[in-house]
Amino acid sequence: MFVLCKHSKKLKDLPGNLKIKQNSLSIGIIVASDYQHQKVFDKTIIRKRVEIKMTLLSKEQLINFYRKMNRIRAFENEAIELAKMNLTRAAIHTYNGQEAIAVGVCAHLKEGDYITSTHRGHGHCIAKGADLERMFAELMGRKTGYCKGKGGSMHIADLSIGMLGANGIVGGGIPIATGAAFALKYKQTDNVVVCFFGDGASNQGSFHEALNLASVKKLPVIFLCENNNWAISMNIGKSVNIENISERAAAYGIKGLTVDGNDIAQVYREFGNCLEEVRQGTGPVLLEMKTYRLSGHYFGDNENYRSKEEVISRRQECPITRLENLLIQEYGVLPDELKAIASEEKAMVLEASNKAKLAPEPQAEDLWNDLFAQDFENITWQPFVKS
Ligand SMILES: Cc1ncc(C[n+]2csc(CCOP(=O)(O)OP(=O)(O)O)c2C)c(N)n1
Ligand SMILES: [Mg+2]
């Protein structure tokens, strides 16, 4: 069944360069945000029948999202405070403005699913359920941190929750996610990998190699591009000559889709639809979520490459503010209730930070520990079976 929603267009309204084979459509409505979900065949675009589910989110679900988005924002604001006090040990890249993506995506994941992250990874970690105190300890180079204080912000990983790691190498997580997806397929599970990366990373060779391989092998991976308009000081308009990064999916014969990454309801719905397909074994998807980096590239960035006016105007689209407006206007939630939630989250974050501050630093003799896997003899090697 097709459902008309505010993003829908009637068939006659499609851009002139799109030709639709009439007999490939069972009904004349197509969802505009779904244009890339097409197979190019004989230069004619054939639109497969796609079921669009209108996921109605309950007030409780949205409040839960609001809580987690505020947790991420509070974590990042506290990380900046720690950096100002010179307590952090490596670069800090905050996720401010992109919270709806990590939260809306990770809300769908189940045990056994994996994510890979980037240098801007705190939001992904928190949304996947990482421990705040261990995260802060890692940022501050303390022994109780995720990498025992030797990795810093860009190396946080927690295999117990399926978080395969942040990554200081732009595009570095993409082949890792592809390899993990290969393993999941090999083990015949219905689990998936979500690979978060930025618009800048989509210009790396690793992106193109991984998408091709994942497509050929029909791997269960969702390549999730957080297009926040900037790669350090490089504007997306100068580095990419197409409107949507998701258009690149066509080159690899996979589904591509662009959605509004600042609208948590849309993120949740569209990601959920993709996830269901990928779980069923249809192969990878390139899902682009448009958003905006509200803070500097990293703590200390003087941001002289963009105007204050631009940032102020994009702040109107802050995903937390948008969710606040939705909850107040459509769900009758009182502003004071939301303020209380934000304060609770801030208090929890500060408690974690304060505890982490008390943790000891690693000692010189810890330097050479944890560099190599210790239990090689316990690994059982399986012969490779061609699928
Ligand atoms: C291979 C590699 N090249 C360059 C850099 C330097 N660098 C760090 S972040 C970044 C920009 C990344 O932009 P994007 O992928 O859009 O992510 P965003 O910072 O916007 O989240 C660059 C070029 C790096 N870390 N790794
Ligand atoms: Mg970017």
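Start by selecting helix H5 (residues 173–186): it lies across E5, E6 and strand E7 (221–227), and runs at about 170° to E6. Helices (H or I, at least four residues) and strands (E, at least two) are DSSP runs, numbered from the N terminus. For angles, axes are lines fitted to C-alpha atoms, for helices over the stretch in contact, and the values run from 0 to 180 degrees between N-to-C directions. Contact here is between two residues whose C-beta atoms, placed from the backbone, lie within 7 Å.

A quick word on what you have open: this is a predicted model, where local features need pLDDT of at least 70 and side-chain atom pairs count only at pLDDT 80 or more, while totals for chains, interfaces and linings use all residues. Residues are numbered from 1 along each chain as its sequence is written, with chains lettered from A and ligands numbered from 1 in the order in which they are written.

Next, show the sheet under discussion. It is open, with 5 strands in the order E5-E6-E7-E11-E10 and parallel pairing; two strands pair if DSSP finds at least two bridges between them. Strand E5 (114–116) and strand E10 (255–260) are at the edges with a single partner strand each, so one side of each has no neighbour in the sheet. Neighbouring strands are turned by 20° against each other on average, direction ignored.

Now pick strand E6 (residues 193–198). E5 pairs with E6 over 3 bridges, and Ile115 has Val194 as its bridge partner in E6. With E7, E6 pairs over 6 bridges; there, Cys195 is partnered by Phe223.

Is E6 covered or open? Mostly covered, with 6 of its 6 residues buried (20 or more other C-beta atoms within 10 Å of a residue's own, all placed from the backbone). Val193, Cys195 and Phe197 point one way from the strand, and Val194, Phe196 and Gly198 the other.

Click on Cys195. Leaving out residues up to four places away in sequence, Cys195 touches Thr116, Gly173, Ile174, Ala177, Val221, Ile222, Phe223 and Leu224. Cys195 is also among the residues with the most contacts inside the largest nonpolar core, which has 83 residues. Such a core is a set of buried Ala, Val, Leu, Ile, Met, Phe, Trp, Tyr and Cys residues joined through C-beta atoms within 7 Å.

Last stop: ligand 1. Of the 16 residues around ligand 1, Val170, Gly198, Gly200, Ala201 and Ala231 come nearest, where being near takes a C-beta atom, placed from the backbone, within 6 Å.

How values were computed. A residue is buried if 20 or more other C-beta atoms lie within 10 Å of its own, exposed if 12 or fewer, and partly exposed in between; C-beta atoms are placed from the backbone.
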